[in-house]
Amino acid sequence: MASVLFRGIQTRPFLLYPSALLSRKNGVLFCTTKCSQSQTATQENQQTQMKVSPRTHTKKVEKILHDYEAIIGIETHVQLDTLTKAFCSCAYLYGSQPNTNVCPICMGLPGTLPVLNSKVIEFAVKVGLALNCNLSMNSKFDRKQYFYPDLPKGYQISQFDIPIATGGFIELDLPTEYGGGHRKFGITRVHMEEDAGKLLHSGNGSYSQVDLNRAGVPLLEIVSEPDIRSGLEAAEYAAEIQRLVRYLGVSNGNMQEGSLRCDVNVSVRPIGQLEYGTKVEIKNMNSFSAMNRAIDFEISRQVDLYSKGEDNQIIQETRLWEEGAQRTVTMRKKEGLADYRYFPEPDLPEVVLSEEYVDNIRASLLELPEVKRRRYERMGLSMQDVLFLTNDMNVADFFDATIERGAEVKMAANWIMSDIAAYLNNEKLSINEIKLTPQELAELISSIKGGTISGKIGKEILFELISNGGTVKALIEEKDLVQASIPTLLIFMVNIKFIK
Amino acid sequence: MLSSVQNPRLFFVRCRFQFHLPSKSRHFHGSVAVRTSETVMEPQTHASSTTPPSSEILTIRKSLLSHQKKAVDIAEEYLNRLRQTEPQIQSFLHVSENALRDAQAIDQKIERNEELGPLAGVLVGVKDNICTVDMPSTGGSRILEDYRPAFDATAVKKLRECGAIIVGKTNLDEFGMGSTTESSGFQVTANPWDVSRVPGGSSGGSAAAVSARQCVVSLGSDTGGSVRQPASFCGVVGMKPTYGRVSRFGLMAYASSLDVIGCFGSSVVDTAILLHAISGHDILDATSSKRVVPDFSSQLTSMELFESKPLRGLRVGVIRETLGDGVDMGVISSIKAAASHLEELGSTVIEVSLPSFSLGLPAYYILASSESSSNLSRYDGVRYGNQVASDELNSLYGDSRANGFGPEVKMRILMGTYALSAGYYDAYYKRAQQVRTLVQKSFKTALDENDILISPAAPSVAYKIGEKKNDPLAMYAGDIMTVNVNLAGLPALVLPCGFVEGGVAGLPVGLQMIGAAFDEEKLLKVGHIFEQTLQGCRFLPPLVADSLS
C-alpha cells in the first residue's frame, strides 16, 4: 500500500522531451578527471545539490557510525525498455499526452485478459544472470490486490512466492574520493511485475486525474539484502544497478523519468546489538546524491534519537525526502501489515524456462561492469580511471576499440577522460555522436608517442577530428604540422649561431 | 444394477430400429400422459408422432441456399416469437436494433451469389457478460448499466465472421453468480416450460431464449454449471467445452480458472456447429489452447445411417455419487433410463465412484469466490460503470460498489476476500486447490477406464421462482453435479433425456455426459445418437409448441 499512495504524490510534470535530449542525458555528462565526483553516484547531482565536501561528509557519517550501525536495504524498480507493455501491445513513450498509450487491456476494461510479452522474461533472465542469481525454472505470476485509482484492475500482476531470480549479489567499487573500497551486496530477489498509472492532482487539490499511459509497463523489482551501511554505499548500489541495466540494454535507468526508482529501508542499532532496530522507509529521492543525503540524514536522525534515549520515537513509517529542506519528514505511519491477498494469477500460464533458453541468454551477455573494471585494473589503470571509463558502456567500448587499434592504454584513457569528455560535456553529446573514431584516436596517440606531432598539435587535430572527422594522416599533411625532428632543429639552431 | 433397470422407452427404441423410419414432419401433441407409478413421464403417448430435434441451423442454411426463404423472413419469424414470448419469459436484457438489417445484408450476399458463412442468417443470443461492441454489456449488473464495450469478445467476433446475426443480450445472474437468474440486477427470467419456475442459471436467459425459440442458438458461460444446469431446466442442449477450447477474451471474468464460454442449441447438431464456430486458439487469451479444432458436426450423421448398435464399444460410467441422497427421484429415474438407453445403443454401462466428488462443491465455492473477489475489483466506478460521486476516495469506492453490486455478488466478494486473507489462505484457498487436484486425478482415472461419464445435470428439475432465493446453501447444493467438471476443466454436454411431473407439460430432465479434455467430439457424437434415438420426448415448451407445430 505504501508505494501506492506515494505514486499519487510523486506526480511529475508532463514534459515532452525530444528523444535527442534524452539520449544526451543518458550520455556522458561530466567534464574532466578533475571533476572528482564524476565517477560516483553523485554524478547525477543537480543544481539543487548542496555543496558538501566529500571528505567532511564522509567524516560526519563515520563519526556517527562509530557507536551505531545503519542497516539499509533497497527495493529498486527498473522499468524495462520493451517495445510494448508487459501484457498488451501498447507502446510506452515517456512524456506522451495522458491516456494516449492505452488500450482496453491496460485500462482493465471488463473481459480483457493479459498476455505476457516474452521480452519481459528475457530481460528478467538477463538481469537475474547479471546479478548472479539462481533462476527459478518454473515461476508464476500472482495478483497483488489493493484499490487505487491508478491501478485499473484493482490488482497488480506481480510475482510473490516464486520470483524469477533469487539469492544473487552485486559487486561495486566505491569512488576513490570517498576513500574507495570494494563492496559486495546480496540480492534477495528479482521479480517481474507491471507498473501502475499516475495520478495528476489539480493545483488546488480539488480533484485528481488518472493517466494510465504507464499502467502495464513492465518492471523488475530488485530487492537487496540489508547489507548496505551508509548513504554512499546505497547510492553506489543504485548507480551500479543503473549501470548494469544500461549495459544489459534492458532499461534506460533514468531516475528523473522514473525508469529507476528506489525505496530505501533504514534502521540503526547500537554496535553489538543483534536485533535490528525499527525500520523506516524513505521515498522521493530523484537522484543518487539525494539518496546519499537522504539516508545519511535519516541515519543521523535515528542515531540522534537513540543517543537521547528516545529510540522509541523511531516508528515504522514511510518518510519523504524533502529536497528543498534537505530532510526527511513523516509521510504516513504504518498500521500493521497491509494484506495484499496474493494468489496465483489464473489468466497467465506458469513461466517455464528451459536450460537452452537460459544458456542462450547467458551466452549473449556482454562484458558486465564488474568484469570490465577488473580487466581495466589489470591493465594498470588507476581506480579513478577504471571507474570513469566503465561508468558508460559506450565510453568503455570506445576505449576498448582504441587500445585494440594499438593505442597505449594510459594515453588512451587520458585523452578520453580529459579533452574528449570535456568536449562531450560542453556540447552535450554522447561519445557515439562525435566524428572521431577509435581508429583515428589510436592513430593520433601513436603519432604523438612516435614523436611525429607534439601533444599540443595533437590537441588541435583532436578537435578537428571530433567536429569534422577525417584522418590524422590527412590532417597532418594538410596543415603541415609535422613536428620538427631533433636533428633538423639542431641544424637550424647551429645555423642561427653561424649567422650570428 | 443399472443394466437391469428397465424402462418402457427401450421398447420403443427397439421398435424404432425395426419398424420405423424417421418422419420428417414436425408434429407435436400437447397431450401428456403422466405415469403416476413413477415420476418419470412420457410426454407423448404415440412415439411415432414425435421426431427427434433436427438442426435449425442446417434447415436455415438449406432454405437460404435454395432460395426458399429469405434471411429477413427467418429473422422476422424469430423476432416475432421473441416479441410474443418476451413479456412472459424476459430472457433478453437488450434486443438488437440491427438484426433485420444484418439479415438483409445476408440476403444481398445471396443475391450476389457470394459465399455464405456457416452461420449465415442464424440468430444468436449472447449472454450479457460477453462483450459486444454494438450493444450494451452489463454482466447483469447495475454497476455496468448501459456500459458499451469497445470491442467484441473473440467468440462474438468469430460468430459475426461466420455470418451469424447477434439478436440480443440475454439475462443472467449478476456476473454469472447464481443458479436461477434471480440474482440479475435487472429482471428474473422465467422458464418457458412453466413461467412460475426458474430457468436455471446463471445463463438462464440464453437457455430460455433457445428453449422458447426466440433465437436459434445462444452463447452462455459456465463457471460451475451455468450452461449445463439451465440447459437441463429448459430442456435444451448445453455444451460446456474444455477449459481453453474457446477464448475467454471478452467474457467478463467471474472465476478465471473455471470460466468457459459455452453453447446452447435445440439440437446436438446446432450446438456442435456453434461450438465449432467459436473454438480455437486466440492470441488475446493466454489460457486458450492451440489444439486443432475438429469439425464437430461433420461426424454427426443422420439417423438413417445409424447401425443397430451405433454405440457399440462405448464405455459409459455412471457416477455413483450423483444418484444418491438429495437427488430427486424423478431425476434419478430419468438418468437410469438414459443409462439403459445408452446400453441399448450398444455401449457398456458401469457404475463408477468418484470419492472426491462431494469435496468439489465447497472447494468450488472457495476458489470461485476467491477469484471473483479479485476479478470484480475493477468495477470501482473510476473508469467506467456507475460511479457514486464522493468527496473522498474510499467512499467513492465504497458507495459505487455498494450501490452497483447486488447481494449475491457482495456475499461472494466477501467470502473470497476472507478466504484469501493472510492467515486464512492456507486453510481455504490452498486446501481448495489441493481438492481440485484430487478431483482432477479422480476424473482422470475414471476417464481412463471409461469413454464418457454420465450424471444428472442438476439434482432437481426447475424449481419455483423464489423457492431457494433466501436459502443460498440450498441453491449452492444444486451445483453439486456440475462444479467438479469445472474444477477438472473437462468438457461436458447436457441434453434432455426425459421429463418429470410438473408444470403443464412436465419439466425436462437433463443428462450430463462428461468427456476427457478436448474430447468434445466424442461427447457430441454420443449425444447426437442419444438424442436422435430418444423416444417419445419432444423438447418444445408448451409456450411456443402451438405456434410451431
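Two strands are taken to pair if DSSP finds at least two bridges between them; strands (E, at least two residues) and helices (H or I, at least four) are DSSP runs numbered from the N terminus. The structure is a predicted model, in which local features need pLDDT of at least 70 and side-chain atom pairs count only at pLDDT 80 or more, while totals for chains, interfaces and linings use all residues. Residues are numbered from 1 along each chain as its sequence is written, chains are lettered from A and ligands numbered from 1 in the order in which they are written, and side-chain values use heavy atoms, with hydrogens and water left out.

Chain A contains an open sheet of nine strands with mixed pairing, in the order E2-E6-E7-E10-E1-E11-E12-E13-E14. Its edge strands, each pairing on one side only, are E2 (134-135) and E14 (327-333) of chain A. Within this sheet, strand E12 (residues 280-283) and strand E13 (residues 317-322) of chain A pair in the parallel sense over three bridges. In one of these, A:Lys283 has A:Leu320 of E13(A) as its bridge partner.

Helix H6 (residues 288-307) of chain A packs on the sheet, where it touches strands E1 (68-79), E11 (260-270), E12, E13 and E14 of chain A; contact means heavy atoms within 4.5 Å. The direction of H6(A) makes about 25° with that of E11(A), the axes being lines fitted to C-alpha atoms, for helices over the stretch in contact, and angles running from 0 to 180 degrees between N-to-C directions. The expected span of a helix is 1.5 Å times one less than its number of residues; the 20 residues of H6(A) should therefore span 28 Å, in agreement with the 28 Å between its end C-alpha atoms. Just after H6(A), A:Gly309 takes a positive phi of about 75°.

The description now turns to the interface. Here 31 residues of chain A are in contact with 39 residues of chain B. The two chains bury about 2700 Å² between them, 61% of it on carbon and sulfur atoms; buried area is the accessible area (1.4 Å probe) that two parts lose on being put together, summed over both. In chain A, the residues losing the most area to chain B are A:Pro110, A:Leu113 and A:Phe147, together 23% of what that side buries. The count between chain A and chain B is one salt bridge, defined as a side-chain nitrogen of Lys or Arg within 4 Å of a carboxyl oxygen of Asp or Glu. The side chains of B:Arg248 and A:Asp347 meet in a salt bridge at 3.0 Å, N to O.
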